[in-house]
Amino acid sequence: MRRTIRRSISSASGRPVTGPLVASVEQLLEVVALGQAVAFLARSTTERYQRPDIAYRPVTGLSPSAVMVAWPETSRSAAVAAFVQAAHDVAAHQPDHMTALA
């Protein structure tokens with residue numbers, strides 16, 4: 001499943017400004033490199049998709065992001081259950097860094 005990403009913002013005059021339509025991280029980074037967009041990225045994305053033609057800088061003063069685990073509600077997979085349990089166990093042992101799964 002591919003998700004298309006497009007965000008609209010308002011210009012100083014209040015008119016909406018729509019950025020390029022992208023369907024992948026690679027496409028997003030390409031439009032950034034071409035000067036058609038600026039993007040907020042997870043640190044892991046900047047580490048995985050290093051490009052010499054893009055400058056990456058940390059943004060400070062923002063609240064930490066939350067990472068969620070998601071799975072089909074009707075799943076009966078033992079592998080999925082084990083993964084969710086492992087994520088829950090990690091979260092329970094690191095309360096300063098993440099909230100345990102409910």
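Visitor: What share of the residues in the chain is buried?

Guide: In this predicted model, buried residues make up 12% of the 102 residues in the chain. The accessible surface of the chain comes to about 8,900 Å², and 57% of that surface belongs to carbon and sulfur atoms.

Visitor: Which elements does the chain have, and in what pattern?

Guide: The chain has three helices and two strands. Along the sequence they follow the pattern β-β-α-α-α. Residues 24 or more positions apart account for 9% of the contacts in the chain with a separation of 6 or more.

Visitor: What makes the pair Arg-51 and Glu-30 a salt bridge?

Guide: The side chains of Arg-51 and Glu-30 come to 3.0 Å, N to O. The criterion is a side-chain nitrogen of Lys or Arg within 4 Å of a carboxyl oxygen of Asp or Glu, so the pair qualifies. Side chains of opposite charge can pair when their charged atoms come close.

Visitor: How many salt bridges does the structure hold?

Guide: The structure holds two salt bridges. Besides the pair with Glu-30, Arg-51 forms a salt bridge with Asp-53, with the closest N and O atoms 2.7 Å apart. That value is within 4 Å, so the term applies to Asp-53 and Arg-51. Salt bridges that share partners join Glu-30, Arg-51 and Asp-53 into one network.

Visitor: Why are Glu-30 and Asp-53 called partly exposed?

Guide: Glu-30 has a relative accessible area of 35%, and Asp-53 has 45%. Buried means under 20% and exposed means over 50%; both values lie in between, so both residues are partly exposed.

Visitor: How do you know that Thr-46 is buried?

Guide: The relative accessible area of Thr-46 is 15%; the limit is under 20%, so Thr-46 counts as buried. Thr-46 lies in helix α2. Its side chain reaches the backbone oxygen of Arg-43 at 2.7 Å. Not counting residues up to four places away in sequence, Thr-46 touches Leu-41 and Tyr-56.

Visitor: Why are the buried residues of α1 placed on the same side of the helix?

Guide: The residues concerned in α1 are Leu-28, Leu-29 and Val-31, which are buried. They cover an arc of only 160° around the axis, and therefore lie on the same side of α1. Just after α1, Gly-35 takes a positive phi of about 80°.

Visitor: What makes the nonpolar surface patch, and what is its area?

Guide: Phe-40, Val-59 and Leu-62 make a nonpolar surface patch of about 370 Å². Val-59 is found in the loop between α2 and α3.

Terms used: Residues numbered from 1 in each chain as written. Predicted model: local features only at pLDDT ≥ 70, side-chain atom pairs only at ≥ 80, totals over all residues. Heavy atoms only, no water. Buried < 20%, exposed > 50% of the residue type's maximum accessible area, 1.4 Å probe, protein only. Patch = residues over 30% accessible without salt bridge, like charges linked within 9 Å, V, L, I, M, F, W, Y side chains within 5 Å. Areas by Shrake-Rupley, 256 points an atom, 1.4 Å probe, with all protein chains shown as cover. Helix = DSSP H or I, 4+ residues; strand = E, 2+ residues; numbered from the N terminus. Contact = heavy atoms within 4.5 Å. Arc of directions from axis to C-beta. Polar contact = N/O pair within 3.5 Å; in protein donor to acceptor, adjacent residues only side chain to side chain.
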